[in-house]
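Dear colleague,

I am passing on the structure we spoke about, and I would be glad if you could look through it with the notes below at hand.

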Amino acid sequence: MLDQDMVKKVSDGQGFIAALDQSGGSTPKALKGYGVEESAWSNDEEMFGLIHGMRSRVITSPAFTGDKVLGAILFERTMDGTVDGKPTPTALIERGVVPFIKIDKGLEDEANGVQLMKPMPELDALLARAKGLGVFGTKERSVVNLANREGIAAVVAQQFEVGRQVLAGGLMPIIEPEVNIKSPERAEADQILLEEILKQLDALPEGEQVMLKLSLPAKAGLFDPLVDHPKVLRVVALSGGFSRTEACAELAKNRGIIASFSRALLNDLRHQMSDDEFNASLGEAIDEIYAASATKTPVAA
C-alpha cells in the first residue's frame, strides 16, 4: 500500500523532483562537472564515496527542502548509504522530500531506433529493500532515438511491464521513455510515443496509476492528454541536455508538467565552493526550476 501522504504530495504539491541518480557509467562525468578530476580516486569505492559526498551536501543544504523539492530520485548505492548518520531515504523524508530510486541496470544496444532496458533479474529483492527503507517509488529509463513505431512500442511495452512489477511490489513507478532531443525525428517520435503510452494506460486496471518522466516535447502541449489522464499520478520532465535556462523555458510552455532535472539542477555546483556559495548556487537553481514547474514562469536571465 502506498503512503497516502506521499501520494498527495507528489500528485498535488507545488515544486519539482530532483534527479540525484547518476549511476556508475555517468559518475566520472558528474564528478568532473562538480570540479573533481579522475585523479582524485583510485577505485570505484572511492569514486562512489565522492559522489555520495556531493549528494549528501545537496540533501543537507538549507535550500533543499520539501517546500520546493517534492521528491528526489536516488541511485541504489545512495539509497543504501547514510546522510547525517541516517539512511538516505529517512534523511529525505525528514526534510519533506519523497524518496524514489533508479532501478534500471542500463541500456541495451540500439535496435529499431531505440534502446531497451537491460534485464533486472533481482528487481523484486531491490523493491522489497527499498520499500523497507521508506522509498515511495522507482524510476526506469529507456531511450528513443528515431520515430520507429515498432521500436517505440517495444520500449513502452517493456516500461509498463516493469511498472506493473513495481506496483505489485507496493511502489510507484516513474516510467521514463526518453526521446533524444537531438533526434532528427524528434517531433514524430513524440507523437508515436504519446499514442503508445495512451494504449498502455488504457490497459492498466482501474484504480492503478503510474508516473511518467518524458523529454520536453518539440510541440508544446502535446502531452496534455497524459497530464489529464486518470491513470497518471504526475508527469515530470527531464532536461535531456538542455541548459537550465532552456529547459525551464521549454517546461514553462507545458501545463501540468513539472521538472525532474539532474544536470540542469546541479550544473553550477563545485566541490571547491564554500558552504555559503554552494547553498546560494543550489538555491538559485531550485528557485528557477520551481518557478518553471509551479508557476510556469521562466526566470529572466
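Strand β9 is covered on both of its faces, with V210, L212 and L214 buried on one side and M211, K213 and S215 buried on the other. Please keep in mind while reading that this is a predicted model. In a regular strand the side chains alternate between the two faces of the sheet. Because 6 of the 6 residues of β9, which spans residues 210-215, are buried, the strand is largely enclosed by the rest of the structure.

Which strands does β9 run parallel to? One is β8 (residues 172-179), which is joined to β9 by 2 bridges, and in this pairing I174 stands opposite M211 of β9.

Is N145 buried or exposed? Its relative accessibility is 13%, and since buried means under 20%, N145 counts as buried. If its neighbours within four places in sequence are left aside, N145 is in contact with E110, G113, V114, Q115, N180 and S183. Among these, E110 is the partner of a polar contact, side chain to side chain, at 3.0 Å. Q115 is 30 residues away from N145 in sequence, while the C-alpha atoms of the two are 8.0 Å apart in space.

I then turned to the charged side chains. Side chains of opposite charge can pair when their charged atoms come close, and the structure holds 22 salt bridges, of which I describe some here.

K68 forms a salt bridge with D287, in which the closest N and O atoms are 2.7 Å apart. Because K68 lies in the loop between α3 (44-60) and β2 (69-74), whereas D287 belongs to helix α12 (residues 275-295), this pair ties together parts that are 219 residues apart in sequence. K68 counts as partly exposed, at 29% relative accessibility, and D287 likewise counts as partly exposed, at 38%.

The side chains of K105 and E76 also meet in a salt bridge, with 3.1 Å from N to O. Here K105 lies in the loop between β5 (98-102) and β6 (114-115) and E76 lies in helix α4 (residues 76-80), so the parts tied together by this pair are 29 residues apart in sequence. K105 counts as partly exposed with a relative accessibility of 47%, and E76 is partly exposed with a relative accessible area of 22%.

One further salt bridge is made by the side chains of E94 and K86, at 2.6 Å from N to O. E94 is exposed, having a relative accessible area of 52%, whereas K86, at 33% relative accessibility, counts as partly exposed. Finally, salt bridges that share partners join E76, D80, K105 and R129 into one network.

With best regards

Notes:
Residues numbered from 1 in each chain as written. Predicted model: local features only at pLDDT ≥ 70, side-chain atom pairs only at ≥ 80, totals over all residues. Heavy atoms only, no water. Buried < 20%, exposed > 50% of the residue type's maximum accessible area, 1.4 Å probe, protein only. Contact = heavy atoms within 4.5 Å. Polar contact = N/O pair within 3.5 Å; in protein donor to acceptor, adjacent residues only side chain to side chain. Helix = DSSP H or I, 4+ residues; strand = E, 2+ residues; numbered from the N terminus. Pairing = 2+ DSSP bridges. Salt bridge = Lys/Arg side-chain N within 4 Å of Asp/Glu carboxyl O.
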